[in-house]
Amino acid sequence: MLAVPSKDRGDFVGAGNYIPRAGLALGLTVALSLGAATATATAATTAKQAKAAGTICWSGPHPKLAARISRGVLAALHGRSSVVSVKVDDTVHHVICDYHQDRQYYSASVVKATILAALLRKLMGENRYLSSAQQALAKEMITESSNSAASALWAEVGRHSLQHFLKLAKMKQTVLGPGGYWGLTLITAHDEMLLLNLLTSKNSVLDAPSRTYELSLMARVIPSQRWGVPAGAPADVTVHVKNGWLPYPGKDWHINSIGSFSGHHRNYMIVVLTAGNPSMTYGVDTVQDIAEVINRDLNEGVTAVIPASAPYPSWGTPDEQIGVLPGRS
């Protein structure tokens, strides 16, 4: 199955004038074809047992919670025409969900998180800092999902460094888009979860300043692009999000949303990728229906939540004008 990308949101973490060392960029590429947390041997066994039982979520310490989320997500998908992949990793409740995590989708603007990560990694290797011009482009690309900024940084990072980042990040299922078509990068829920884990956990690929910088931008995404996985999350958590939306080849909307949630004793990540949507609004509704189930069950008893986004006037306009796709007439 094929799918397409979306946009992100972010919020600033750190001092106002802080310029981090650049870290590894998350370069997701274009392709024409159709998340994963490291688990212990016990968790792996639990996962196999859960899948054998027909569930999509599992947890050693909280099996009932995992079963409830599984039922809720499958119920939210019932009757929807969307093709969907879901990945969840909650390090507090030790809940992992996996629904078609290896299916590929077109990234659309979701790949912008990878572009920035790859840039940061490249600068790390060169022992350099982000320039003022790079900072301006990064901010526009993540918080406003600027396509011109994405194209500029995609070219500046270069395919070699983008691919090197993917190799370091072990994002083996991600295929960079051809030429300048960053929005046609093929992604999977599995690889997007690897990216979120790199941004939220200590690792050798991205240093702490780089991770903090990118997450700060993802926490400051403009309101019209804050839809998706934040729906139903506690109002007091910090949400870092990036979304993407693109119709392929014209009416098959690919709607994607990735995000991490932290603060107030919470630490989890959600990836929802979709295709086969007749409109952008339909796809956003699919993503938000799923997210509301996950956020509700992982935060039992919380009443003050982030509401699902209502349509904005800008919805329905592709976030990238790709024209005639490579290899197609």
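Predicted model: local features only at pLDDT ≥ 70, side-chain atom pairs only at ≥ 80, totals over all residues.
Reader: At what angle do H3 and H7 pack, and how far apart are their axes?

Author: The angle is about 155°, and the axes are 10 Å apart. H3 spans residues 111–125, and H7 spans residues 208–218. Angles over 145 degrees count as roughly antiparallel, so H3 is roughly antiparallel to H7.

Reader: Is the crossing of H3 and H7 left-handed or right-handed?

Author: Right-handed.

Reader: Switching to H2 and H8. What are the angle and the axis distance there?

Author: About 160°, with the axes 9 Å apart. H2 covers residues 63–77 and H8 covers residues 280–298. That angle makes H2 roughly antiparallel to H8. The crossing of H2 and H8 is right-handed.

Reader: Which residues make the contact?

Author: On H2, they are Leu 65, Arg 68, Ile 69, Gly 72, Val 73, Ala 76 and Leu 77. On H8, they are Asp 289, Ile 290, Val 293, Ile 294, Asp 297 and Leu 298.

Reader: And how many of each class in the contact of H2 with H8?

Author: Nine nonpolar, one polar and three charged.

Reader: New topic: Asn 243. Where is its place?

Author: Asn 243 is in strand E7, which runs over residues 238–247.

Reader: Buried or exposed, that Asn 243?

Author: Buried. Its relative accessibility is 0%.

Reader: Which backbone oxygens lie by the polar atoms of the Asn 243 side chain?

Author: The backbone oxygen of Gln 225 is 2.8 Å from a polar atom of that side chain. For the backbone oxygen of Trp 227, the distance to a polar atom of the Asn 243 side chain is 2.7 Å.

Reader: How far apart are Asn 243 and Asp 319, in sequence and in space?

Author: They are 76 residues apart in sequence. C-alpha to C-alpha, Asn 243 and Asp 319 are 9.9 Å apart.

Reader: Now Asn 277. Which strand?

Author: Asn 277 is in E9, residues 267–277.

Reader: Is Asn 277 buried or exposed?

Author: Buried, at a relative accessible area of 1%.

Reader: What is Asn 277 in contact with, leaving aside neighbours within four places in sequence?

Author: Asn 277 contacts Ser 82, Lys 251, Asp 252, Trp 253 and Ile 255, along with Tyr 282, Gly 283 and Thr 286.

Definitions and conventions. Residues numbered from 1 in each chain as written. Heavy atoms only, no water. Axes fitted to C-alpha atoms, helices over the stretch in contact; angles between N-to-C directions. Helix = DSSP H or I, 4+ residues; strand = E, 2+ residues; numbered from the N terminus. Parallel < 35°, antiparallel > 145°, perpendicular 65-115°, else oblique. Left-handed = near helix turned anticlockwise from the far one by under 90°. Contact = heavy atoms within 4.5 Å. Nonpolar A, V, L, I, M, F, W, Y, C, P; charged D, E, K, R; others polar. Buried < 20%, exposed > 50% of the residue type's maximum accessible area, 1.4 Å probe, protein only. Polar contact = N/O pair within 3.5 Å; in protein donor to acceptor, adjacent residues only side chain to side chain.
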